[in-house]
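Please examine the sequence and the structure shown below before reading on.

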Amino acid sequence: MPFDVTVYTTTLITLIVIMDPPGQIPLFLSLVGHRSPEYRRRAAWQAPLVSLLVISVFAIGGKAILNYLHIGIPALQGAGGLLLLLVALQLLTGLGNAGKPQASDDVNVALVPLGTPLLAGPGAIAAVIVEVSSVSGDVAGYVAIAAAIISVHLVVMIVLRYSTVLIRVLGVGGITLLAKIAGLLLAAIAVQLMADSIEGFIAAAG
């Protein structure tokens, strides 16, 4: 089977840097730390699976989808930033009792915000679309990109699965503290995404 090692390495490193598996640990713990062990284990593989599906869809037909809907990467960045900002505010303010983040109670956090837009966010989607475009028509390149996408999600799944061990060490107080720290970091990521979105719109207009 044809395989391009250079494309694989480039795509893998790019996605690992963008998706930042170690950086997802505090966010993951803050969102699922108060839930049952079964829920945490399920979320550890559901989030990477959701991200894998989303990124695969955009890898296969990303440019066509965005062109058909007349959506640019800056628009994706802006939408992702707004969504992350809402989640960040929920983590920072909590619910009144026990400091539980509202997001972990109201929705399946493996879908939103973990699966997307934290893992399968605008940056990862844009990077995959660019990589696929750069190897257009090259079967070896397509195989390498697919292998890199699968590899990075396996890494994320392993990191999230074993990060739950920290929950037993940190306890409720530690998880609550992590939720506040994660909320602050997430708010910064959201603001940066929106700033990138504005810059993208300005560059496109110019």
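How are α2 and α9 oriented to each other?

## Basis of the report

This is a predicted model, in which local features need pLDDT of at least 70 and side-chain atom pairs count only at pLDDT 80 or more, whereas totals for chains, interfaces and linings use all residues. Residues are numbered from 1 along each chain as its sequence is written, and side-chain values use heavy atoms, with hydrogens and water left out.

## The packing of α2 and α9

Two packed helices are described by the angle between their axes and the distance between the axes. Helix α2 covers residues 21–32 and helix α9 covers residues 165–205; their axes come within 7 Å and cross at roughly 110°. Axes are lines fitted to C-alpha atoms, for helices over the stretch in contact, and angles run from 0 to 180 degrees between N-to-C directions. The two helices are therefore roughly perpendicular to each other (angles of 65 to 115 degrees).

On the α2 side, the contact (heavy atoms within 4.5 Å) is made by Ile 25, Pro 26, Leu 27, Leu 29 and Ser 30. Residues of α9 that take part include Leu 166, Ile 167 and Leu 170.

## The whole protein

The protein has 9 helices and 0 strands; helices (H or I, at least four residues) and strands (E, at least two) are DSSP runs, numbered from the N terminus. The C-alpha atoms fill a box of roughly 55 × 45 × 25 Å, taken along the principal axes.

Of the 206 residues, 44% count as buried (under 20% relative accessible area, with a 1.4 Å probe and protein chains only). Among contacts between residues at least 6 apart in sequence, 86% join residues at least 24 apart.

How values were computed:
Angles under 35 degrees count as roughly parallel, over 145 as roughly antiparallel, 65 to 115 as roughly perpendicular and the rest as oblique. Buried means under 20% relative accessible area, exposed over 50%, partly exposed in between (1.4 Å probe, protein chains only).
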